[in-house]
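Biologist: I am new to reading protein models. Could you take me through one?

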Amino acid sequence: MKLYHSSKWILLSLIALASVACLPQAFAQEVGTKVAVVNSEKVFNESNLAKAMQTRLQNEFTKRQNDLRDSAQKIKSAAEKLDRDAAVMSEADRIRRQRELADQDRELQRKQREFTEDLNQRTFEERAKIAEKANQVLKQIAEQRKIDVIVQEAAYVSPKSDITDDVIKALNNSK
């Protein structure tokens, strides 16, 4: 019985000793992990793809934006005219014009919401295209530099770990 009990302790001691012997190797692997950081907002704002996206969206939505601005100005002018003329108008005319202005304002607000939704949707689509290309570039950079992990938006980044400018350069050079 004593022999069985002491061999159990010997076995546990050997396992503990083997674990301690392997521990430095496990820590060495963790220390060898290469981590890089990329600022995705900077990529979305400064790359040539992002600048082209902004130009496309601006060209696509400028006319609608100007039309909405013109409509808002017309409604504002009509409201000011109603305020000036209200004293000399009949009650029925004043109420009719107020309703017309309210209807025009609701229609303008609806168009502005549609404009905002359309702009947001198109921006999302364009950013998704850029993100897809940026992810391909990130994978290439990670393979070339043997980076194990790439983090986005870190609280603190050492300049030697920041690969944002390299990603932007690679995106600008790719087609």
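Modeller: We will go from the whole chain to single residues. Keep in mind that this is a predicted model.

Biologist: Where do I start? How many helices and strands does the chain have?

Modeller: Start with the secondary structure. Here there are five helices and two strands. Along the sequence, their pattern is α-β-α-α-α-β-α.

Biologist: What share of the 175 residues counts as buried?

Modeller: The share is 18%. The surface is the other side of the picture. The chain exposes about 13,300 Å², and 55% of that comes from carbon and sulfur atoms.

Biologist: How do I read contacts along the sequence?

Modeller: Ask how far apart the partners are in sequence. Take contacts between residues at least 6 apart: 81% of them join residues at least 24 apart.

Biologist: Where does α3 bend?

Modeller: At Phe61, by about 45 degrees.

Biologist: Which residues of α3 are buried?

Modeller: First the general idea. An α-helix has 3.6 residues a turn, so residues three or four places apart point the same way. In this model, the buried residues of α3 are Ala50, Met53, Leu57, Phe61, Leu68, Ile75 and Leu82. They pack against α2 and α4.

Biologist: How many aromatic pairs does the structure hold?

Modeller: One. To read a pair, look at the ring centres and the angle between the planes. The rings of Phe61 and Phe115 have centres 5.7 Å apart and planes at 80 degrees; planes over 60 degrees apart count as edge-to-face, so this pair is edge-to-face.

Biologist: Which parts does the pair tie together?

Modeller: Phe61 lies in α3 and Phe115 in α4, so the pair ties together parts 54 residues apart in sequence.

Biologist: Are Phe61 and Phe115 buried or exposed?

Modeller: Both are buried.

Biologist: Which residue lies over the face of Phe44?

Modeller: Arg127 does, at 4.0 Å from the ring centre.

Biologist: One last residue. Is Lys169 buried or exposed?

Modeller: Compare its relative accessible area with the cut-off. Exposed means over 50%. Lys169 has 53%, so Lys169 is exposed. This residue is found in helix α5.

Biologist: How far is Lys169 from Asn48?

Modeller: Check both sequence and space. Lys169 and Asn48 are 121 residues apart along the chain, while their C-alpha atoms are separated by 9.1 Å.

Note on methods: Residues are numbered from 1 along each chain as its sequence is written. This is a predicted model: local features need pLDDT of at least 70, side-chain atom pairs count only at pLDDT 80 or more; totals for chains, interfaces and linings use all residues. Side-chain values use heavy atoms; hydrogens and water are left out. Rings of Phe, Tyr and Trp (its six-membered ring) pair if their centres lie within 6.5 Å; planes under 30 degrees apart count as stacked, over 60 as edge-to-face and the rest as tilted. Helices (H or I, at least four residues) and strands (E, at least two) are DSSP runs, numbered from the N terminus. Buried means under 20% relative accessible area, exposed over 50%, partly exposed in between (1.4 Å probe, protein chains only). A charge sits over a ring if NZ of Lys or CZ of Arg is within 6 Å of the ring centre and within 35 degrees of the ring normal. Contact means heavy atoms within 4.5 Å. Accessible areas come from the Shrake-Rupley method with a 1.4 Å probe; for residues, only the protein chains shown count as cover. The bend at a residue is the angle between axes fitted to the seven residues ending there and the seven starting there.
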